[in-house]
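The model shown below is a predicted one.

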Amino acid sequence: QVQVVESGGDLVQPGGSLSLSCTASGMILSFYAMGWYRQTPGKQRELVARITTDGSTTYADSVKGRFTMSRDNAKNTVTLQMNSLKREDTAVYYCNTDAMTYRTPTLYWGQGTQVTVSS
């Protein structure tokens with residue numbers, strides 16, 4: 001069974017930066033289009049960034065220009081660099097396969113990593 005592990009979440013002040021990382025045991029991430037998702041209490045999980053197998057990226061309007069998703073195939077990881085963080089970025093962040101490519105995320109959800117933006 002593929003196990004997804006997200007890390008890097010933290011408490012950060014508005015305007016700050018964080019880098020999230022995702023790895024998956026039993027799966028070669030470079031073979032799949034991947035996405036970063038986030039969820040806040042009472043809201044549906046939303047796709048905020050995606051990367052195709054050829055490295056093309058797409059972002060939700062709410063994070064465009066501030067977040068950058070990338071791959072490190074040698075480390076079998078995908079990363080989300082988050083800059084100019086806002087309070088509304090506070091959420092649990094998850095990675096999974098890209099819902100736009102595969103119609104739905106195809107992996108079991110990991111525990112996610114908490115990002116809290118607060119002064």
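Strand β4, which covers residues 34-39, pairs with strand β9, residues 91-97, in the antiparallel sense over 6 bridges, and within this pairing Tyr 37 has Tyr 94 of β9 as its bridge partner. Both strands belong to an open sheet of 6 strands with mixed pairing, whose order is β2-β10-β9-β4-β5-β6. The edges are taken by β2 (11-12) and β6 (57-59), and because each has a single partner strand, one side of each is left without a neighbour in the sheet.

A search of the whole structure finds 2 aromatic pairs, which are set out here.

| Ring pair | Centre to centre | Angle between planes | Geometry |
|---|---|---|---|
| Tyr 37 and Trp 109 | 5.1 Å | 90° | edge-to-face |
| Tyr 94 and Trp 109 | 5.7 Å | 75° | edge-to-face |

Tyr 37 lies in strand β4, whereas Trp 109 lies in the loop between α1 (99-102) and β10 (113-117), so their pair ties together parts that are 72 residues apart in sequence. Tyr 94 lies in strand β9, and its pair with Trp 109 therefore ties together parts that are 15 residues apart in sequence. Through these ring pairs, Tyr 37, Tyr 94 and Trp 109 are linked into a cluster.

Tyr 37 counts as buried at 3% relative accessibility, and Tyr 94 is buried with a relative accessible area of 10%, while Trp 109 is partly exposed at 34%.

Technical notes
Residues are numbered from 1 along each chain as its sequence is written. This is a predicted model: local features need pLDDT of at least 70, side-chain atom pairs count only at pLDDT 80 or more; totals for chains, interfaces and linings use all residues. Side-chain values use heavy atoms; hydrogens and water are left out. Two strands pair if DSSP finds at least two bridges between them. Helices (H or I, at least four residues) and strands (E, at least two) are DSSP runs, numbered from the N terminus. Rings of Phe, Tyr and Trp (its six-membered ring) pair if their centres lie within 6.5 Å; planes under 30 degrees apart count as stacked, over 60 as edge-to-face and the rest as tilted. Buried means under 20% relative accessible area, exposed over 50%, partly exposed in between (1.4 Å probe, protein chains only).
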